[in-house]
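Let's take a walk through this protein together, from the overall numbers down to single residues. Have the viewer open and follow along.

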Amino acid sequence: MEFESFLVSLGTSAVIFVVLMLLFTWLSRRPGNVSVYYPNRILKGMDPWEGSSLTRNPFAWIREAFTSTEQDVVKLSGVDTAVYFVFLSTVLGIFALSALLLLPTLLPLSATDNSLKTSRNVTDTTSNGTFSQLDNLSMANITRRSSRLWAFLGAVYWVSLVTYFMLWKAYKHVAALRAEALMSSEEVLPEQYAILVRDIPSPPNGETQKEFVDSYFREIYPETFYRSLVVTENSKLARAEAVFAATSNRPMNKTGLLGLVGERVDSIDYYTKLINESVAKLEAEQRTVLAEKQQTAAVVFFTDRVTAALAAQSLHCQMVDKWTVTEAPEPRQLIWENLKIKFFSRIVRQYLIYFLVAITILFYMIPIAFVSAITTLGNLQKALPFIKPIVEIAFIRTILQSYLPQIALIVFLAMLPKFLMFLSKSEGIPSQSHAIRAASGKYFYFSVLNVFIGVTLAGSLFDNLKALEKKPNSIVTVLATSLPKNATFFLTYVALKFFVGYGLELSRIIPLIIFHLKKKYLCKTEAEVKEAWYPGDLSYATRVPSDMLILTITFCYSVIAPLILVFGVIYFGLGWLILRNQALKVYVPSYESYGRMWPHIHTRILAALFLFQLVMFGYLGAKLFVWATLLVPLIFISLIFGYVCRQKFYKGFEHTALEVACRGLKQRPDLEEVFRAYIPHSLSTHKGDDHQFKGAMSRYQDYAAISAA
């Protein structure tokens, strides 16, 4: 990539971002779009503009994001979202503090050396995909064995120490935030009075599964045991309920396919008959499920929070594969079909999934490596000679050099999340938040390994294949010296992510178009309208790994090419600002785990730091700097730091501490309501109206009427 292409890429991305931001300020003030830009506030019964008028300052959202407090985020979007912002601010602090020292120190040292000018391969370096103007600001311009390398060695220590400090501070803050939320005396949380029991043995003759569970826990907790809810196989019942919902919500004029053919009947009489038939089938299936289809798992309830917390941390049976007890997730999080999976089956599934993920990474690396190699313009012309006349047009050539490799990488990585979520759920994980954490981990390691091996290493091997054929033992040198050349690719990749990615996030152009198309052509009921504008949550399964990839890239090139720190600061700073607005106004959390994602985030930040230290050890070695061995103690310090953090903090995230659970509520909990919260909707006889949703629809219709007027 040439320097001109880099500037075009950066400038184009910036212009796109400005255009998308202006579109947001215009579209978000139109009442007809209120359900797309303010659904979170609508669902909570708040004024979307919070006291502002339609003619408000178009940039007032920036002030609102900056002035919002952490408690505002917790109130509107939950503890998990607040913890995500702790992650963003922590990484932002790491890169900002690193840049304060590295930029004024390392850039002059690189710019005033002359390694590239005196190198015999300078021409090859420039033609292999980097641009010499920025090479002069990187470690590539430092002469081998130069005393200037001491500054780069010291920079690795500075980045590492800053990271240790910020991570320790963040871990303490998140632990306190989690404890404060769990100790809240304002609201009864059903999951704090329940435990999840799996691997229940077969009951003795003459006892039902429920009677067996009740007698077992009543004997252990005679004073605090309340009751149990045995998990049942209710897939048929769920389908019956879906039929019931369909017949009661979608009136049509004809009885045939899609209401387009068949006998014309009176819709009210016809659907009243179908509903009555569905209700009878639904009630019959409910009775069958409750009587005959009980599984080997149950949710057990207690009269106080302390007993539930204590039970979740205790060993109930000498055999580990029987009476497995854990904290109960939120009712909405339970993956019911996974609860019946046996102990050893879960272990086998887990290792099998790990093997499949490793195979997937290995084979997915092949197309990514091919694309990363072929999408450089020179290689693309060799593979597709017929495009040469088109590529020779200056404007098209510049655009292709600016965006083609980065877009190809983004497209390949975007195809993975659903597959990885499917694999995670297949492990037998009991809750949605746990599955998301598992999928997030797979996606992180997948993206990092494929980007660094499939792009950095494979691209270098392709370019230097002839050299490796002549000297196979030069592979370490080839890989080490390829790092600065790939830094320019990642500069453009990060810029594309924060300008175009966050521009699309803020403007919500795609959700807006989809909503209006669905509303006009597909939606016939209020429920379908809600489904069309309902925003979902922040999608941690993909968002966190994507952020982690940028973090890893910035870490690994922070000393080699310090300019990337500026891009890292912009990415996480802009992300904090824009996602703060989205969390307060748009996204609705689908679950609450009270910050359980943080230990996994912390571990992956340390993994990125560890990779950075290994990369710098290798690159300083390639520069023939004998004192690179001083980085070995730092690598061990990172491992020790991770171990100490896990020992000190992790248990408080794995279980609820008793000192947290013992805090009393202002109100006495209604244990029957706690119990009913866990009854699957298809088995519940209490199916009240969703008053919050109806109120939200009413407010949405008011704004739509204003728009039409």
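Start with what counts as strand pairing: two strands pair if DSSP finds at least two bridges between them. The elements themselves are DSSP runs, with helices being H or I over at least four residues and strands being E over at least two, numbered from the N terminus. What you see is a predicted model, where local features need pLDDT of at least 70 and side-chain atom pairs count only at pLDDT 80 or more, while totals for chains, interfaces and linings use all residues. Residues are numbered from 1 along each chain as its sequence is written, and side-chain values use heavy atoms, with hydrogens and water left out.

With that in hand, look at β2 (residues 225-232) and β3 (residues 294-302). These two strands pair in the antiparallel sense, over six bridges. To place the pairing in the viewer, find F225, which stands opposite F302 in β3. Strand β2 is mostly covered, with six of its eight residues buried. Here buried means under 20% relative accessible area, exposed means over 50%, and partly exposed is in between (1.4 Å probe, protein chains only).

Now zoom out. The secondary structure of the protein comes to 31 helices and four strands. Of its 709 residues, 51% count as buried. The accessible surface is about 33,200 Å², and carbon and sulfur atoms own 63% of that; the areas come from the Shrake-Rupley method with a 1.4 Å probe, and for residues only the protein chains shown count as cover.

The expected span of a helix is 1.5 Å times one less than its number of residues. Helix α6 (residues 79-111) has 33 residues, so it should span 48 Å, and its end C-alpha atoms are 46 Å apart, which agrees. Follow α6 along and you'll find a bend of about 40 degrees at L102, with a proline, P104, following within four residues. That bend is the angle between axes fitted to the seven residues ending at a residue and the seven starting there.

Which of its residues are buried? They are I509, L512 and F515. Seen down the axis of α23, these buried residues fall within an arc of 130 degrees, so they line one face of the helix. The arc is that of the directions from the helix axis to the C-beta atoms. On the face of α23 turned away from the buried side sit the exposed residues I510 and Y521.

Next, some individual residues. R437 is found in helix α20 (residues 432-463) and is buried, at a relative accessible area of 9%. Leaving out residues up to four places away in sequence, R437 touches S593, R596, M597, H600 and R604.

T25, in helix α1 (residues 3-27), counts as buried at 7% relative accessibility. Beyond its neighbours within four places in sequence, T25 is in contact with P58, F59 and W61. S146 lies in the loop between α9 (132-135) and α10 (149-182), and with a relative accessible area of 13% S146 is buried too. With residues up to four places away set aside, S146 touches D113 and F625.

Finally, the backbone. Most residues other than glycine have a negative phi. W323 has a positive phi, near 50 degrees; you'll find W323 in the loop between α14 (305-312) and β4 (324-327), buried at 6% relative accessibility. S539 has a positive phi of about 55 degrees and is not a glycine either. S539 sits in the loop between α24 (526-533) and α25 (540-557).

Note on methods. Contact means heavy atoms within 4.5 Å.
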